[in-house]
Amino acid sequence: MSKTLTVYQTLKNKGNSAYVEREGPFNCNWENAWLGEGYYFWEAFINSAHWWGKNHCQNNYFICQAFCSMTDTNCFDLVGDTSHMQIFSDAIDQMKTEGLIDQKTTVTRILKYLGDIGIFKFEATRAVGYSSIGQKNSKYLKRMLFEIPKNSKPDHYLQYQPPIQVCFYNKNSMGLNGYKIIFPDEYNQGYVL
């Protein structure tokens, strides 16, 4: 079954809007990219894209919107596919038995291992980075308590707009299309001053 996703890529605004729309999306060049090398987007909730712009682009940024089609065979879904979560968990267990895992092992390493053993053949990975967009009281976090905290017990909450990231491993993975700037507002069609 196919599901259409709306995704957002946040980029530093260098006054190059025509170039961004013509050449986008853009590959992440961070050495510690969480899901490996690829094209990183926030899924569904634009507040995560704004958080990135304010905190990593000095509040001078574009948000580009695009669409894609997700299936259980083109996206390694660590958000909503429990069979994919089990594959990931089994890989960790196997790596432990092989002595390939330690306290410095990251998600990227597990994904690479899955590729090395021929299991990972996906076009993208989808994951939630818990605690990735700021502190407990950040305006970008959308949470609701399950119960009132008692004493020093941790808060138990529902994160109803989680910061879901999708890393596309190629520019056209999952049929990525419709890439255009939607923020700042002056880049929207019909915007009037």
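Q: Is C75 buried or exposed?
A: C75 is buried, at 1% relative accessibility. Buried means under 20% relative accessible area, exposed over 50%, and partly exposed in between, with a 1.4 Å probe and protein chains only. This is a predicted model, where local features need pLDDT of at least 70, side-chain atom pairs count only at pLDDT 80 or more, and totals for chains, interfaces and linings use all residues. Residues are numbered from 1 along each chain as its sequence is written, and side-chain values use heavy atoms, with hydrogens and water left out.

Q: Switching topic. What residues is A124 in contact with, leaving aside its neighbours within four places in sequence?
A: N74, C75, F76, V166, C167, F168, Y169 and M174. Contact means heavy atoms within 4.5 Å.

Q: Where in the secondary structure is A124?
A: A124 is in strand β5, which covers residues 124-128. Its relative accessible area is 0%, so A124 is buried.

Q: What separates the C-alpha atoms of A124 and C167?
A: They are 5.3 Å apart, while the two residues are 43 residues apart along the chain.

Q: Back out to the chain. How many helices and strands?
A: Four helices and nine strands. Helices (H or I, at least four residues) and strands (E, at least two) are DSSP runs, numbered from the N terminus.

Q: What order do the elements run in?
A: From the N terminus, β-α-β-α-β-β-α-α-β-β-β-β-β.

Q: What share of contacts joins residues at least 24 apart?
A: 72%, counted among contacts between residues at least 6 apart in sequence.

Q: What box do the C-alpha atoms fill?
A: Roughly 60 × 50 × 35 Å, taken along the principal axes. Of the 193 residues in the chain, 39% are buried.
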